Amino acid sequence: MSQKGSTTLSRFLIFILNVYGLFPKSNGPAKLYWIYSYVFHFFISLVFVGFALAYIAINISDIEKTTDALYTTLTILAYLFKIFNYYYYKEQIVNFVPKLYKLQDENSPEEVELSNVLERDVSRLSYSFLFAGHLAIGTSCFKAFSKTNPEMPLVCWYPVDWQNDRTSFWIVYPYSVFCAFAIMHINITLDCFSYYLMDTIATHLVIIGRRVEQLGQNVKHDDEIEQQKFIVCVKKHQHLME
């Protein structure tokens, strides 16, 4: 059952964040969930960044290998900073979303339609990014089976000789594939979730502006009623700015 005021895009993005330990369910054990989150990102985020930096350090004299790994490493480092930033503001973000849903649930049918129209570009952008990410990572997964120059989906150092030992390969390969998809999912979803929040807030400001413009247009309305409507608009604006 979907929460009132939510949209297909918001439910989809929050589902991904929930899977990767970045957005707990409202009815779940929060402390246990955040323990899972920290453990998950220690083994996926921090360890993988360490492997990527180790690869550059080991091959610092080889310009070609260092250049190949630099893009991956910079991407992972940027992703890591996003994770740290999200953890720092996680309580504000998690608490703000239900408030935003409540505001959306109070919209009139015309305002809901306007909100849906304005959200379409963000939805297209989000789904396009995720499609491109799956295409890129999915294609890179085949590099490990190359006979001439095998590489894992994300170029980095591993503590076993996976290129010459078949058992080591089947230990490293699933871990590398999982990390590649997880980092891609989280990286893109955090960006798209920010786009969604900013777009939704901007849409509410547009709606509030239209409500203010409509005040007093019907001369039959009592001044006191119009004043109360204006107070509601101001309070909603203050609520968004908190």
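## Salt bridges and a nonpolar core: worked exercises

Lys82 is partly exposed, with a relative accessible area of 25%. Here, buried means under 20% relative accessible area, exposed means over 50%, and partly exposed is anything in between (1.4 Å probe, protein chains only). The model is predicted, so local features need pLDDT of at least 70 and side-chain atom pairs count only at pLDDT 80 or more, while totals for chains, interfaces and linings use all residues. Residues are numbered from 1 along each chain as its sequence is written, and side-chain values use heavy atoms, with hydrogens and water left out.

**Exercise 1.** Find the salt-bridge partner of Lys82 and work out which helices the pair joins.

*Solution.* Start with the rule: a salt bridge is a side-chain nitrogen of Lys or Arg within 4 Å of a carboxyl oxygen of Asp or Glu. Under that rule, the model has four salt bridges. Lys82 pairs with Asp191, at 2.8 Å from N to O. Now place both ends: Asp191 sits in helix H5 (residues 166–214) and Lys82 in helix H3 (residues 63–105), so the bridge ties together parts 109 residues apart in sequence. Helices here are DSSP runs (H or I, at least four residues), numbered from the N terminus. Last, check the accessibility of Asp191: at 26%, this residue is partly exposed.

**Exercise 2.** Take the pairs Asp121–Arg124 and Lys143–Glu151, and sort their residues by accessibility.

*Solution.* Asp121 and Arg124 meet at 3.2 Å, N to O. They're three residues apart in helix H4 (residues 109–140), so about one helical turn separates them. Asp121 is exposed at 55%, and Arg124 is exposed too, at 53%. Next, Lys143 and Glu151 have their closest N and O atoms 3.3 Å apart. Lys143 comes out partly exposed at 30%, whereas Glu151 is buried at 18%.

**Exercise 3.** Track down the largest nonpolar core and list what Phe193 touches.

*Solution.* A nonpolar core is a set of buried Ala, Val, Leu, Ile, Met, Phe, Trp, Tyr and Cys residues joined through side-chain atoms within 4.5 Å. The largest one has 54 residues, and Phe23 and Phe193 have the most contacts inside it. Helices H1 (8–19), H2 (30–58), H3, H4 and H5 each supply at least two of its residues, with H5 giving the most, 16 residues. Finally, the neighbours: leaving aside residues up to four places away in sequence, Phe193 touches Leu13, Ile14, Leu17, Phe23, Ile93 and Val97, where contact means heavy atoms within 4.5 Å. For background, nonpolar side chains in soluble globular proteins tend to be buried together.
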